[in-house]
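Here's a quick tour of one model, written for someone who likes the cut-offs spelled out. Have a look at it first.

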Amino acid sequence: MEETRIFCTYCTKSPVPAVKSCLQCETSLCDDHQTAHNKTMDHILVEPSGFFGNKICFLHKKVLEYYCPQDSACLCVSCCLFGKHRGHQVEYLNKASEKKKKKFRKYLDELNPQKAKMNTRIQKLQGHKKKIQEKASGKRKNISKIFIDIKTQLEMAEKKALSEVSRQEEKIVSQISDLIKKLEIQEDELSRKMHHVEEMCRVTDPIRLLQESDITVCSHGGDEDTGGDGGEVSTEEDLDEVLISLTLHRSMREIVTNVTSELGVHVPDILLDVDTAHRWVTISEDLKTATRSEKEQERPECHGRFLTYSQVISRCGLSSGRHYWEVEWNKIGRCIIGLSYPSIEREGDESGILFNDKSWCLDMYDAVRQVLHKSFSLILKVQPKCSTLGVFLDYEAGRLSFYELCDPIRHLHTFTASFTEPLHVVFYVVDGASVRILNRI
């Protein structure tokens, strides 16, 4: 009663908590006034209430005592006898209230399992959320460690390249310095000889001149150090820029190799198999590019060649591990890239990788991107931004993912399957399409 702050209407000098309220009188009563009220009137008393409007009929100003299920309305006696509810089956409010409570309890019994199921799902999602957050935290730490290692390796690569430059500089400069010293000695000797010759030229005594000149010419004329070949050779020497570049390139390659190894990803050297190429598909000399040809190629017959569709697969297959490679489409015609089992048919409808149960592919033409496998076909709701794509395969996990290498990189689709054979890279090209395997390392 203290919480509701409802007091006796008649105790005006000091507030006394009410114990009952009279609906007819619309008053609240304490114990004393309730006793006096009961002796004089036969009214309906209820728990203390400060609002009586919802318990009194607004038409007849009488207490609501009945309920009409037909109209879902609470009624007073006059409503039942004279109003529009006359003749309706009515119930006492308490009885109708108990019936409704029973319905609510039944509804509650139906909702409880749903709530429990929802709580279970929420707990699972929270667990998954926590798992993702922990995994992301671990990845952040791993990436930070990788970049710390990269910085260390870059510093080492820088020192190695600078050391090679310094080594070459020191070697060549030392050779040039030695040669300069030799030439300076030869220059001094030559100056001395020239000075002697000039003195001989000023001698007036023929006999002395002839005697001296024979000795002088003999002693200086046979000196081979006066030749200029050494100086000419030194000016041709230069820094070996190719060696410096190779040193730097090797260091960078080692860094990339270490990073891919740290991430557990292998970059395979994929080569296309000419013996499987359709006669309307041209293969580049480096076996990295497949192009739809304008004329039929002259190729010998062989068991593995595609005969119906303009396709080609790679020489070697991937049967384990995590692999990543990149390809580039020339944005002409139609190009399909993906992976296929080597047991794919070579002739007939079943040989096409478009809807083949032995291949998983990404189809590209105009602004359309769709993924294909067996009878499954899904058009991707993306606006193409670039024609360079990344392909990631996790053989054991049964995941094959395609990425568009725009900025930022965009995930296109991931196939999930249980692979049972080695997977070979496969290309399908029509209408002038060309696709190239990129060498990133």
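## The hairpin

Strand 13 covers residues 368-373 and strand 14 covers residues 376-379; they run antiparallel and share four bridges. H373 has F376 of strand 14 as its bridge partner. Strands here are DSSP runs (E, at least two residues), as are helices (H or I, at least four), numbered from the N terminus. Two strands count as paired if DSSP finds at least two bridges between them.

## Ground rules

This is a predicted model, so to speak plainly: local features need pLDDT of at least 70, side-chain atom pairs count only at pLDDT 80 or more, and totals for chains, interfaces and linings use all residues. Residues are numbered from 1 along each chain as its sequence is written, and side-chain values use heavy atoms, with hydrogens and water left out.

Strand 19 (residues 434-438) is largely enclosed by the rest of the structure, because four of its five residues are buried. Buried means under 20% relative accessible area, exposed means over 50%, and partly exposed is in between (1.4 Å probe, protein chains only).

Strand 19 pairs antiparallel with strand 8 (residues 289-292) over three bridges, with T291 opposite S434. Strand 19 also pairs antiparallel with strand 10 (residues 322-329), over four bridges, and there W329 has V435 as its bridge partner.

## Salt bridges

The whole structure has 11 salt bridges, each a side-chain nitrogen of Lys or Arg within 4 Å of a carboxyl oxygen of Asp or Glu. One of them joins R436 and E328 at 2.6 Å, N to O. That pair links distant parts of the chain, with R436 in strand 19 and E328 in strand 10, 108 residues apart. R436 is partly exposed at 37% relative accessibility, and E328 is partly exposed at 28%.

R167 and E164 also meet in a salt bridge (2.7 Å, N to O). Both lie in helix 3, three residues apart, about one turn of the helix. R167 is partly exposed at 41%, whereas E164 is buried at 12%. Another bridge joins E404 and R410 at 2.4 Å, N to O, and E404 is buried with a relative accessible area of 2%.
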